[in-house]
Amino acid sequence: MPRRYRPEKRVPLPDSVYNNVRVAKFINRLMQKGKKSTAEGIFYDAIDILEAKDSEQSGVELFFTALDKARPLVRVKSRRVGGSTYQVPMEVDDAMGEAIASRWIIGFSRKRGGRSMSERLAAELWEISSGGGATMKKRDETHRMAEANKAFAHYRY
């Protein structure tokens, strides 16, 4: 990591269907082994499945709702002080929170059993937007951990 300057953030080009950078970032995180067209197909199929389930909101709006609900506000980071390791709660900025949320969504979608990946992703997004799912449990667990270790907040750096 450079000492003198921070490299500027690279913003990916918006995706071709919805012309949105957040969607493009999610697709890039979904991608494995450089297969972007496969990741795009999975994402767009999942959005189509969500649109078929709910007639009130579009699939992309449900996706953004799920991504915002799954975003953690705080997280714990290990910090070594005088031979002891403390779990120090730290606030999460918007970009990092979105990255963590999308990682959780993709990870828990992959762990679901059975069906195709687009169906698993759609099911996870649907559960998050309705307030349930493994991703929301992970978020709540992270918030509880930060609340429990609030006494070590003065070790923040």
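Reply: Helices here are DSSP runs of H or I with at least four residues, numbered from the N terminus. The model is predicted. On that numbering, Lys 33 sits in the loop that joins helix 1 to helix 2 (36–53). Its phi is near 55°, which is a positive value in a residue other than glycine. Exposed means over 50% relative accessible area, so Lys 33, at 82% relative accessibility, counts as exposed.

With a relative accessible area of 60%, Asn 19 is exposed.

Further along the chain is a helix pair. Two packed helices are described by the angle between their axes and the distance between the axes. For helix 5 (residues 117–129) and helix 6 (residues 134–148), the axes come within 8 Å and cross at roughly 50°. Angles under 35 degrees count as roughly parallel and those from 65 to 115 as roughly perpendicular; the two helices are therefore oblique to each other. Helix 5 contributes Glu 124, Glu 127 and Ile 128 to the contact, and helix 6 contributes Ala 134, Thr 135 and Met 136. By class, this contact has 3 nonpolar, 1 polar and 2 charged residues.

How values were computed: Residues are numbered from 1 along each chain as its sequence is written. This is a predicted model: local features need pLDDT of at least 70, side-chain atom pairs count only at pLDDT 80 or more; totals for chains, interfaces and linings use all residues. Side-chain values use heavy atoms; hydrogens and water are left out. Axes are lines fitted to C-alpha atoms, for helices over the stretch in contact, and angles run from 0 to 180 degrees between N-to-C directions. Angles under 35 degrees count as roughly parallel, over 145 as roughly antiparallel, 65 to 115 as roughly perpendicular and the rest as oblique. Contact means heavy atoms within 4.5 Å. Ala, Val, Leu, Ile, Met, Phe, Trp, Tyr, Cys and Pro count as nonpolar, Asp, Glu, Lys and Arg as charged, and the others, Gly among them, as polar. Buried means under 20% relative accessible area, exposed over 50%, partly exposed in between (1.4 Å probe, protein chains only).
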